[in-house]
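Please look at the model below before reading on.

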Amino acid sequence: MKKTFVALLLLAGLFARAQEQKSDSVVIRGHIHDLPDSTGIRIASLEGQLIVTFATAKTIQGRFQFEVPVSVVPQRYALLFNHDVKDTPGMWCEVWVKDGPVTVTGKGKLLHTWDVQSDVAEQRDNNRYLAASRSEWDQYQLLAVQRSNYVKIYMSDTTSKAVRKQLALQMNLIDSLTDPIELKIAHNDLRVLGQGAITRVGVSRMKSISYHLAEDSTLRPALLAQYARLTPDQKKDVDAQYVSAKLFPVSVVKVGDPLADTTLFDLEGKAVTLNDLRRENPGKYLLLDFWSIGCGPCVEAGPETKELAAAYADRLVVVGVNADGDAKLWGEFSKEHEITWVNLEDRGGLYTGLGRYYGVAGVPFYVVIDPDGKVVKKWSGYGKGYLTNMVKPVLEQK
């Protein structure tokens, strides 16, 4: 009874503070049924290629609240569970905010289909797409929870090879179930796209559709028709650039091919190419690390990357390639995290710059280039020890 009384007092304080909302902020209020008390939820900005968390909250009787700045132009945010929350789908709830209040309601941890209500046109548009595929998204999230749990066990240092093999089979089985669901959602999104003007939300959906062009030949002409409807300004959007890269692909460098190169820039704005680095470091391998500030695994890889660069300094040059498009934030992050290896910016963007020629579809993404300028290995993703295990055999081969 005492705990209930304290919880009620906390709730009273929560809503009292809501009455004191600043005129320059917008309140996002959530009420989610069947969430345990103290479930950690965070809110992150969701613009371009960055997902940057700036506040966290704990649920009290399923309720939570955030305040975000008022904006002249609608801003896109993501509600996510904290990393320590178990049995989540590893997705987010998309929230659009301008200058009015936002309410979020739902049930359980399938947050991608929580109901978000506001007076923002983009939010209403996002809700149209969700409504067209709500049952598919709920099926997908349930499977994603299973897969996420398997991944955590797979990445554990204590998991044996035999268990990892079984987990890999289970994850492949889940993938075989989610693939057709994703295709159904893509077709539903295309149908909604054709029902009106294409908004920022629509451009984001086009990006999701483009993931599946190789799986379903009917998607390409349909997506191409929608891409042709975009205005010149819309085509500058980072998601539209990704769609363009998928619709009009370049030849991707494969293992055994000569490296692809372009002009990159260091923190002082000096132009640098990969061939410049090869000439300055004869006989050494290059490890390209495509990364983003808003990418959790990229940040987690930092300490191991530093250790690897130091341990093999006589034969390896690590080259971080950031394409977030925010030089100031990149510089601040680099200083805060003490990046000691070669640290460069790709102003061409992740999807239309150098990464496009290596087939980068997500980060972190790694490429090993030998002293002769040939690509010897490529992979994506990070788990503790994985980076070293992938690079060490190449560097220590006889």
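V375 is placed in strand β15, residues 375–380; strands (E, at least two residues) and helices (H or I, at least four) are DSSP runs numbered from the N terminus. The model is predicted, so local features need pLDDT of at least 70 and side-chain atom pairs count only at pLDDT 80 or more, while totals for chains, interfaces and linings use all residues. Residues are numbered from 1 along each chain as its sequence is written, and side-chain values use heavy atoms, with hydrogens and water left out.

V375 has a relative accessibility of 1% and therefore counts as buried (under 20% relative accessible area, with exposed over 50% and partly exposed in between, using a 1.4 Å probe and protein chains only). Leaving aside residues up to four places away in sequence, V375 touches V253, K254, V255, G256, D257, L259, Y358, V367, V368 and I369, where contact means heavy atoms within 4.5 Å. P258 is 117 residues from V375 along the chain, yet their C-alpha atoms are separated by 6.1 Å.

Y227 belongs to helix α6, residues 219–227. Is Y227 buried or exposed? Its relative accessibility is 9%, so Y227 counts as buried. Again not counting residues up to four places away in sequence, Y227 touches M206, K235, A240, V243, S244, L247 and F248. N343 lies 116 residues from Y227 along the chain, and the C-alpha atoms of these two are separated by 34 Å.

Two packed helices are described by the angle between their axes and the distance between the axes. For α3 (residues 134–155) and α4 (residues 161–193), the angle is about 155° and the axes are 9 Å apart. The axes are lines fitted to C-alpha atoms, for helices over the stretch in contact, and angles run from 0 to 180 degrees between N-to-C directions. The pair α3 and α4 is therefore roughly antiparallel (over 145 degrees; under 35 is roughly parallel, 65 to 115 roughly perpendicular and the rest oblique).

In total, the protein has 13 helices and 15 strands. Its radius of gyration is 23 Å, close to the 21 Å given by the globule rule for 398 residues, so the protein is as compact as a globular protein of that length. The radius is taken over C-alpha atoms, and the rule is 2.2 Å times the number of residues to the power 0.38. Buried residues make up 47% of the 398 residues. Among contacts between residues at least 6 apart in sequence, 65% join residues at least 24 apart.
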